[in-house]
Amino acid sequence: MQSRGSILVVDDDIGARESMKMILGGRFDVATTDRGYKAIELVKEKEFDVVVLDIRMPDITGIEVLKKIKENEPSPEVMMVTAFAALDTAKDAMKLGAYDYVEKPFKSFDELRNAVSKGIDRKMKMAKSLQLAKDFDEVRKQLLQLEKLSSLGQIASEVIHELATPITGVLGYSEFLLDQECNGIIKNSLQKIKSEAERCQNLIRNVLTFARKPENIKKPVNANEIVRRTVDIKAYQISLDNIKLVLNLDPELPIILADFGLIQQVILNIINNAQDVLKKHDKERLILISTKSDADNIFITIENSGPFIPTEHIDMIFEPYFTTKGAENGTGLGLSISRDIINSHNGEISVKNNNTIGVTFTIRLPIYKE
Ligand SMILES: Nc1ncnc2c1ncn2[C@@H]1O[C@H](COP(=O)(O)OP(=O)(O)O)[C@@H](O)[C@H]1O
Ligand SMILES: [Mg+2]
């Protein structure tokens, strides 16, 4: 929509038409026509904000033109212009969707200008509410998608929960057998069964911590522990994509006050994005996660060796619904949720392209000071 507002004046009387053009021209972009039928065509071709419409015209009445114009979507606001004799018709026009009418001759220039401005305001409000309705529809679709994902997550966590029992059995029996007299080969195999079962148990524990409903309970935790437990969940999948994951964790890292599962979710989102990028990358596939601290904060940096984020995207990636993966593969919500989570921990999350290659996400979180 033009910032000046675009007006179409429809009047068969050249005097009235030209004077309206002159009165309105200073403030608005004004086009004119002397024919009702022509007006109907023009409105289809170009999006006018307001049509100023004479009621009495020789070819077709203003009322008919109004009806036709209002059939368009989106339609302009319409204001009727009428001589006193047709006042009743003007009032009827309001029922058909015109927002106002002015009488000819005009009492003052301002009367006409103000009436047109009123139409422009209405048009803007209408455009805004149409946009809101569109946004709402988009959010509804996203929620539906989330709902699907969350029920999938629900099923997965139930299955995993179920798995905990037999795994405990396997562990128990292998320990029992290891206590019995048996030869070296069998003992060796039993050791393997036991350690594999322990690995499963760890994985189950980590996934269940992650899948639990957010309690929003912040406790003193070591971020290294959060990183390790998150990486445990992803290590296998990542290795399938030939991605190397390297940890460089500061053993002296101070404690933070955080919701374990939520910070885990943030790290997971960033790793998932890195995985998406790297699995299509034919050069080095590396994710490096480091931790360090200064006097007041700890920093978790997650770096990947993938291509740069284009400059025109880098300011947008934390915005809700921004995705370059298409509706099928991305929701565009991962990073915006991550930012909300880190903000709710009084921290900060940022991204930058490295100097030569790769992308680094940095999470800053305040040190817990009792
Ligand atoms: N490590 C990365 N390298 C390049 N682009 C990235 C990276 N992480 C995120 N992005 C970009 O940010 C967008 C938004 O990410 P996100 O909010 O997680 O949503 P989604 O993964 O559903 O697209 C991605 O679609 C991608 O364009
Ligand atoms: Mg993502």
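User: Where does Asn-242 lie?

Analyst: In this predicted model, Asn-242 is in the loop between α7 (223–240) and β7 (244–248).

User: What is omega for the cis bond that joins Lys-104 and Pro-105, and where is Pro-105?

Analyst: Omega is about -10° for the bond between Lys-104 and Pro-105. Pro-105 is placed in the loop between β5 (100–104) and α5.

User: What angle do the axes of α1 and α5 make, and what is that angle called?

Analyst: Helix α1 (residues 14–25) and helix α5 (residues 109–178) have axes that cross at roughly 70° and come within 10 Å. Angles of 65 to 115 degrees count as roughly perpendicular. The pair α1 and α5 is therefore roughly perpendicular.

User: Which residues of α1 and α5 meet?

Analyst: Met-20, Met-22, Ile-23 and Leu-24 come from α1; Phe-109, Leu-112, Arg-113 and Val-116 come from α5. By class, this contact of α1 with α5 has seven nonpolar residues, one charged and no polar.

User: What are the distances for Asn-304 and Thr-323?

Analyst: From Asn-304, a polar side-chain atom is 3.0 Å from a nitrogen atom of ligand 1. From Thr-323, a polar side-chain atom is 2.6 Å from an oxygen atom of ligand 1. Both values fall within 3.5 Å, so both pairs are polar contacts.

User: How many Å² does ligand 1 have on its own, and what share does the protein cover?

Analyst: On its own, ligand 1 has 530 Å² of accessible area, and the protein covers 92% of that. The elements giving two or more residues to the shell are α8 (260–278) and α11 (334–343).

User: How many residues surround ligand 1, and which are the closest?

Analyst: There are 16. The closest are Thr-323, Thr-324, Lys-325, Thr-331 and Leu-335. By class, the shell around ligand 1 holds eight polar, seven nonpolar and one charged residue.

Note on methods:
Residues numbered from 1 in each chain as written. Chains lettered and ligands numbered in written order. Predicted model: local features only at pLDDT ≥ 70, side-chain atom pairs only at ≥ 80, totals over all residues. Heavy atoms only, no water. Near = heavy atom within 4 Å. Polar contact = N/O pair within 3.5 Å; in protein donor to acceptor, adjacent residues only side chain to side chain. Areas by Shrake-Rupley, 256 points an atom, 1.4 Å probe, with all protein chains shown as cover. Helix = DSSP H or I, 4+ residues; strand = E, 2+ residues; numbered from the N terminus. Nonpolar A, V, L, I, M, F, W, Y, C, P; charged D, E, K, R; others polar. Axes fitted to C-alpha atoms, helices over the stretch in contact; angles between N-to-C directions. Parallel < 35°, antiparallel > 145°, perpendicular 65-115°, else oblique. Contact = heavy atoms within 4.5 Å.
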